Amino acid sequence: MRELVGQCQQCGNAVYCDDGFLNGMILENGALICSDCADEHNESNERKYR
Ligand SMILES: [Zn+2]
């Protein structure tokens, strides 16, 4: 089942929930972002934490 969750706050792409799996992520501030932007977000976070 695919449900439209909302729009990516960074690139404007539609973000879906596939069978309970969110095709993106929700940031600490509540902003919804797509999986592409989430990857970039995680990479920059990893750099910060290492
Ligand atoms: Zn995005």
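Reader: Which residues make up the largest nonpolar core?
Author: In this predicted model, the largest nonpolar core is made up of six residues: C8, V15, I33, C34, C37 and A38. A nonpolar core here is a set of buried Ala, Val, Leu, Ile, Met, Phe, Trp, Tyr and Cys residues joined through C-beta atoms within 7 Å. Buried stands for 20 or more other C-beta atoms within 10 Å of a residue's own, exposed for 12 or fewer, and partly exposed for anything in between, with C-beta atoms placed from the backbone.

Reader: Which elements each supply at least two residues of this core?
Author: Those are β5 (32-34) and α1 (35-49). Helices (H or I, at least four residues) and strands (E, at least two) are DSSP runs, numbered from the N terminus.

Reader: And what is C37 in contact with, leaving aside its neighbours within four places in sequence?
Author: With that exclusion, C37 contacts C8, Q10 and C11. A contact requires the C-beta atoms of two residues, placed from the backbone, to lie within 7 Å.

Reader: Which numbering and confidence rules apply?
Author: Residues are numbered from 1 along each chain as its sequence is written. As this is a predicted model, local features need pLDDT of at least 70 and side-chain atom pairs count only at pLDDT 80 or more, while totals for chains, interfaces and linings use all residues.

Reader: What pattern does the protein chain follow along the sequence?
Author: The pattern is β-β-β-β-β-α, that is, five strands and one helix. The C-alpha trace spans about 35 × 20 × 15 Å along its principal axes. Of the 50 residues in the protein chain, 14% are buried.

Reader: Turning to G24, is it buried or exposed?
Author: G24 is buried, because 23 other C-beta atoms lie within 10 Å. This glycine belongs to strand β4 (residues 24-26).

Reader: What does G24 touch, not counting residues up to four places away in sequence?
Author: G24 touches C8, V15, L32, I33, C34, S35 and A38.

Reader: How many strands form the open sheet, and in what order?
Author: Three strands form it, in the order β1-β2-β3, with antiparallel pairing. β1 (2-7) and β3 (21-22) stand at the edges with a single partner strand each, so one side of each is left without a neighbour in the sheet. Two strands are said to pair if DSSP finds at least two bridges between them.

Reader: How many bridges join β1 to β2?
Author: Five bridges join these antiparallel strands.

Reader: How many bridges pair β2 with β3?
Author: Strand β2 (residues 14-18) pairs with β3 over two bridges, in the antiparallel sense. C17 stands opposite L22 in β3, while D18 has F21 as its bridge partner.

Reader: How many residues of β1 are buried?
Author: Of the six residues of β1, the number buried is zero, so the strand lies largely in the open. Q7, which has its place in β1, is partly exposed, with 15 other C-beta atoms within 10 Å.

Reader: What is Q7 in contact with, again leaving aside neighbours within four places in sequence?
Author: Q7 is in contact with G12, A14 and V15. The C-alpha atoms of Q7 and I33, 26 residues apart along the chain, are separated by 7.2 Å.

Reader: Which residues take a positive phi in the two hairpins?
Author: In the hairpin of β1 and β2, with six residues between the strands, G12 takes a positive phi near 85°. In the hairpin of β2 and β3, with two residues between the strands, D19 takes a positive phi near 45°.
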